[in-house]
Amino acid sequence: MSDSVLVIGGGIAGIQASLDLAEAGARVVLVEREPTIGGIMAVLDKNFPTLDCSICIEAPKMSEVDLHPNIEILSLAEVESVTGDPGDFRVEIRQRARFVTDECTRCSDCTSVCPVVLPNEYDSGMATRKAIYTPIPQSTPGPYLIDMAQCLNEPPNFLPCDRCYQVCPPKSIDFLMHKERFVTRQVAAIVVAAGYSMLDPRKLREFGYGAHPDILTAMEFERLINSAGPTGGEIIRPSDGRHPGNILFVLCVGSRDRRFYRYCSRFCCMYSIKHAYQAIDHGLEEVTVLYMDIRAYGKGFDSFWSRTNEAGARFVRGRPSRIIPNGESIQVVYEDTENTTRVEENYDMVILANAVIPSHGLSELTERLGIELDEDGFIRAQESQSGLVATTRPGIYAAGCVAGPKDIPDSVAEGSGAAALALSHMTERYWPELPDIEPMAEIESPRVGVFVCHCGSNIAGVVDVEQVVDFAKTLPGVVFAADQMFSCAGNTQKEIEEAIQRENINRVVVAACSPKTHESIFKGVLIRVGLNPYLLEMSNIRNMDSWVHKFDKEAATSKAMDMVSMAVEKAQRLQPLEISHLPLAQSALVIGGGIAGMTAASALARQGFETHLLEKNAHLGGQVDLLNLIAPAGIKASDLLVSRSLDLIQSGVHLHLCTTVETIGGVVGDFRVQLSNGEKLQVGAIVVATGAEAYRPVEFGYGDDPAVITNLDLETLIAHDDVSAERITFISCVGARQGNIGCARYCCTSMISQALQLRKMGKMVRIVSKDIRTYSRQAEELYEQAMAAGVQFFRYDSACSPQQALEFDEGHLGLFDQFLGVNLRIPTDMLVLVSGMRPTADNLTDQLKLARSEDGSLMELHPKLGPAETTTQGVYLAGTSQGAKDVRESMAQALAAAGKAGALLARGVIEKAPLTAQFIEELCIGCMRCVKVCPYSAIEQIGPVGKEGTIKILEAACMGCGTCAAECNFQAIDMPYFTREQILAQIDAALAEKPEEKCLVFTCNWCSYAGADLAGIEKRQYPTSARIIRTMCSARFEEEFVSRSFERGAGAVLITGCRLTDTGSDCHYNYANKLTLKRFNHWQRKMRRKKIEPERLQLQWISAAEGKEFAEKITEMDEVVRRHARVCPVVEEP
Amino acid sequence: MAKGMIDEDSVVIDDERWLELVELTNGAATICYQCGACTAICPWGEAREGTVSIRAMMRQAQLGLMDRSEELWLCTTCAQCEAHCPRGVNIADVIRGLRYLVWQQHQTPKGLPSLLWSIHWNNNPWTQPPSLRSAWVGDLHIPIYDPGQHEILLYVGCTASYDRRAQQVARSLVSLFDAADTSFGFLGDEEPCCGEAALSVGHKPYFQEIAADTFHRFQEKGVRHLVTISPHCYDVFRNHYPAAMGQNCLEAHHYTQCLAHLLREERLHLDNPVERRVTFHDPCYLSRHNDETAAPRQILQAIPGLKLVEMAHSGIDALCCGGGGGRMWLETEPGQRFADRRVQEALAAEAEVIVSACPFCIACLEDSVKAQGIQNLVVMDVAEVAVLALKTEMSTRE
């Protein structure tokens, strides 16, 4: 009996699994071998194809894990043994010591005195760290750690050194901590998400790694282009620090190579394309990519490849035989296979896409877990159960690259999917309860208490803390102010509690560090004394003041006073806010009875929810029913369907065959569905698994010419052993990879499997294709097998449609063979068109307010981190409805949808943080502008346009971005905790003195505020003129904030937010920042009319990784402020 | 683009020929995914203007197309490409298969048919009289092989039997065997040709005929264990006879392996110092085709006073001398000879002696040293160097 699940590995797959499990009421033990969770995603720069900033989208998830009451993170830990059975495993875990306690304030004083300099693993060894360090600024858990093996105190050094201890302000370093401890946990199930490692490229001697400093791995390049990396985002040659003139990217380094790893590493093509794109973006003119097949299989991948091509990257089909130092540059020899030319070129920099290999130590781990590995050393999956998620031992599941190379969305989907399966072993759920404390009375009239933290010398060394306290005491509403050595320390928290009770404080201002790291601690303080946690305001005088103005103590002190004054003004206007509990029906509807729908439905039912599965046809199975064998594993489609059907029945799913949805409405937790058979359902969550249809070709006379069939027709012929033709030619990508339609993913592998079957019957078989995309597990091996069996492969121009490139006439297929450079005629009795997929039409999209991607498939919430969710809360996507997929991917995503839906349904109510939009009905004129701009369709029109009070905000669907509040011209919507009144008060306070010398900076919580935080962590010095105001999203910024700032005489105003580019957005709120941009342009026009110079109002996107960019922009704005102050000195008002 | 594609210039794929080629090459080319690493590493890329596309040859083999180009005959089967091939294609096999298609069409380069005829009439590819095969023995006393009496058969091979330079290697080897007190014999004038020359120019069916004859002859003589002088003979006995005969009844070794073995067993003593700075040129058929890079070095390193230095490319990365793949019977233009580059590498390594262990390598390197007029570099065989360490008074030439 257990309410716990063990998750091994804290990369993105493990993070996703942990969050979904915890949301569903499981207690999660997250074991991470490294000092921080985050995995490889945390050190990546941008993600393809959207160019999202990787850490910007991952860090919020990391901190969510950190703060979740149901998750216990055991870092520096490894699983020692597992005994027992599903539902009741006993796990022994060994945890190494950090030698730094939780009292650590992350001030970094220790690292500056530590004498031991080591290569930093998180910068791929290209920068240094100390023996006491924190791996990355976003490290979770937060405390620093000592690398004891390298510390001078340890053998073989034995040099007594306590420099770090001496300087540590809270004395949080403990050399005497036990080096390791053993912990035991009882868990119901285990999710293994131990990630991957990368091949040491030195093993491929001909590629020259190690022989020249400018031959780098892709991971090293990733750090080079990262603003937070060793070069601050500059592409410079490690050899001489100069910018390279040209650069070469080499793919398949050790992958698809018999001498090393035969399989395809799956995601290198795309990250190399991304690297090429970024190199051009960084100003490099000559960018070359050497490839064999570009495996741009995912949604939007092909168009990203073409965009990179158009941007000027040169893609050459070939593979180098030799990369060697040639003086300062690097000589590369390869054959340009499309021109049959041997090429010798010199490059300034060469980047190797080295193979993805099983995580170091995986075989030992799996031995301890009692699960099997496959021939390549990845975890072996029980495919017919769940794609690649189920391992060979019941109750243990795999997610992410541990079962084979995978990109982020596929790893995330498997993380959620593994969570869904793990939940089925749980017998109990755990919901932490808030402490029952008598609420404080008398909170109506504000009594503000101000606590100013020294943070040792981190703040007090620069800011005159006593002066700030004295100043705070003079502020209106302040009844108490005091300074503290460490506000966050346990005993000091107690002091705050006592002061609150003694002085009857009912609004708390803590002037210390970042709310992003410490707000939860101080909220805890308020909760413990019975004060509503939303009556707290933090002022970040460390990261955004003392750390960044070290050399101007006076200005830093006066800025701190401004900041405290802003916080006090806001605090006076804070109101208690309560988490709301919204009704939820604990039942789910799965629409579509294909393999995805079947998988999702049984996974939901097995979690204990009433689940309805709807299928329009009389039988289940969808597209899989049309298949005979499922490639590459060679599973019989009928066997798979039988086992899934059995699972459906056993799990107790309510099946509705020959049934469709008539109407569907409502909101998350309470959807109302009218079925075609007259039945009515009320469900809390919906999984859309409506699938895709095979494209019906019009090419090559299909339908008229009996010699022309599709791959699905062929599947039937093979199943009935009815293939009479002797010479069979396949054409791939018919109706795929054209215009907006991307790669159909499944077909290369499936086609090759068919070809191999035919070849084994003794037929002459040819495949005419674009790039062969056998990226999936065992698919490359199948490709090799088919070639060895004598299937002939031909390439046609990937820029052409099949009909442009090929001609079928008189029993011959004519083509230009790219490999030989000649026209060929292939004798062909039967032509097989391998057709792509098309989205199915349905009546759900509009009713559920779902969006469609450019290829017509249903759009996911986020291409990287939300592959199974939609912008409509409570509606999830499974299978090919979201985009082309093969069977195992469809099953994995179905499980992900079931995991997500399960997490929503588990609690029986929807808990909603009180940050959702508030409607002030009497002010509404019914213009419906808010309805149009809401990124989540959370505002409903409930009456005719133009009548008062004709909207309704669906609290359950609202995510709290504030776009609507900014859009409303009548102040009929406001955002709790970031109200108009509060922000205006902050503006007024900031500009109370010498406004012309100040620049107001509006930041969003997720990216630009985090970027400003990072500038502090990196100690990037910038001028003191900036005054920062935080909201949740840049789309919250209203025109009035800007106009008020200028009315009060601000020198300048800077609008910031998450990055928005042509390719995507890091925005936390479904592209809400597009509105920021639109509004900004409008404001600028308006301010110009008011004779405000355009340079005084600027917009800058800043990602959470861009501390440097933030500091640079503030410096630039400071010049604007100074220029302006000189040009028109403000006359003192009488 | 599509229309008009099917015209007279189009090549129609011929299934029959493809099947034939698959059979000839064991389908070696089928798994090639056309990356071109072979073309890029091929030494012809540096020796010659224009591209010699090995990849395109593989492509033709994949489709069963004829390669009528002159380039097909350039290949020395040095197997640099095979070492770099990510798919592990037996490229030399494919090249030989393509060459056979040309044999069928009687379009081979001049001189090659007479090579086959020479083997047919003379039992050697060098157009030398069979009766002079054992003339190299001179005053040495070598018994005719007797399985009851001798532990090994010294398989001299055609080149060491007739080539004056290579004969010295054979004689040195005999001295070494004698010094190690080895019981060995040879087949005298009756020694059959191994057929490697026929195989290397792509005439696999004739090679198979020769192999059958030779194998039969060996069986008659009771030969089980033989030691070759040329790595080419060693390679066919080891790697191609088993396939051709469908059985594995011969145990072949290269003489360097045999000498290294004798050294290990302390039957051979190389005690006389040879104060020379020496570099070793790995023959392709020893290093890449048979993974043997250690044995010759073990012999050299056993010699006191000898300083072994490595060239820029050595071991399995060694550059080819240009003599394999039938190139010994074809003209190579001056300026395109691989050995020239190799000799320069030896000079760059500041070697006084470039040592090898293959009659073809010795011939090519020595030609190059002469043609380039180099005075300070001598070409020697491992056996010749070892003999120096054997006796106190022996010059590099007899």
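**From a loop to the interface**

In this predicted model, Gly703(A) sits in the loop that links β39 (692-694) and β40 (708-710) of chain A. Gly703(A) counts as exposed because it has 12 C-beta neighbours inside 10 Å, and a residue with 12 or fewer is placed in that class.

Next comes the interior. In soluble globular proteins, nonpolar side chains tend to be buried together. The largest nonpolar core here has 519 residues, and those touching the most other members are Val191(A), Val192(A), Tyr397(A), Ala511(A), Val564(A), Ala600(A) and Val687(A). Helix α24 (residues 887-905) of chain A supplies the largest share of this core, 12 residues. Leaving aside residues up to four places away in sequence, Val687(A) has contacts that include Ala588(A), Ile591(A), Ala600(A), Tyr876(A) and Ala901(A). Another core, of 14 residues, lies apart from the largest one; Cys110(A), Tyr133(A), Leu145(A) and Ile173(A) are among its members.

How do the chains meet? Contacts join 35 residues of chain B to 42 residues of chain A. On the chain B side, the elements giving two or more residues are β1 (11-12), α1 (15-25), α2 (37-41) and α4 (54-63). Of these, α4(B) gives the most, with five residues. By class, that side of chain B has 17 nonpolar, 12 polar and six charged residues. Within β1(B), Val12(B) stands opposite Arg825(A).

Definitions and conventions
Residues are numbered from 1 along each chain as its sequence is written. Chains are lettered from A and ligands numbered from 1 in the order in which they are written. This is a predicted model: local features need pLDDT of at least 70, side-chain atom pairs count only at pLDDT 80 or more; totals for chains, interfaces and linings use all residues. Two residues are in contact if their C-beta atoms, placed from the backbone, lie within 7 Å. Helices (H or I, at least four residues) and strands (E, at least two) are DSSP runs, numbered from the N terminus. Ala, Val, Leu, Ile, Met, Phe, Trp, Tyr, Cys and Pro count as nonpolar, Asp, Glu, Lys and Arg as charged, and the others, Gly among them, as polar. Two strands pair if DSSP finds at least two bridges between them. A residue is buried if 20 or more other C-beta atoms lie within 10 Å of its own, exposed if 12 or fewer, and partly exposed in between; C-beta atoms are placed from the backbone. A nonpolar core is a set of buried Ala, Val, Leu, Ile, Met, Phe, Trp, Tyr and Cys residues joined through C-beta atoms within 7 Å.
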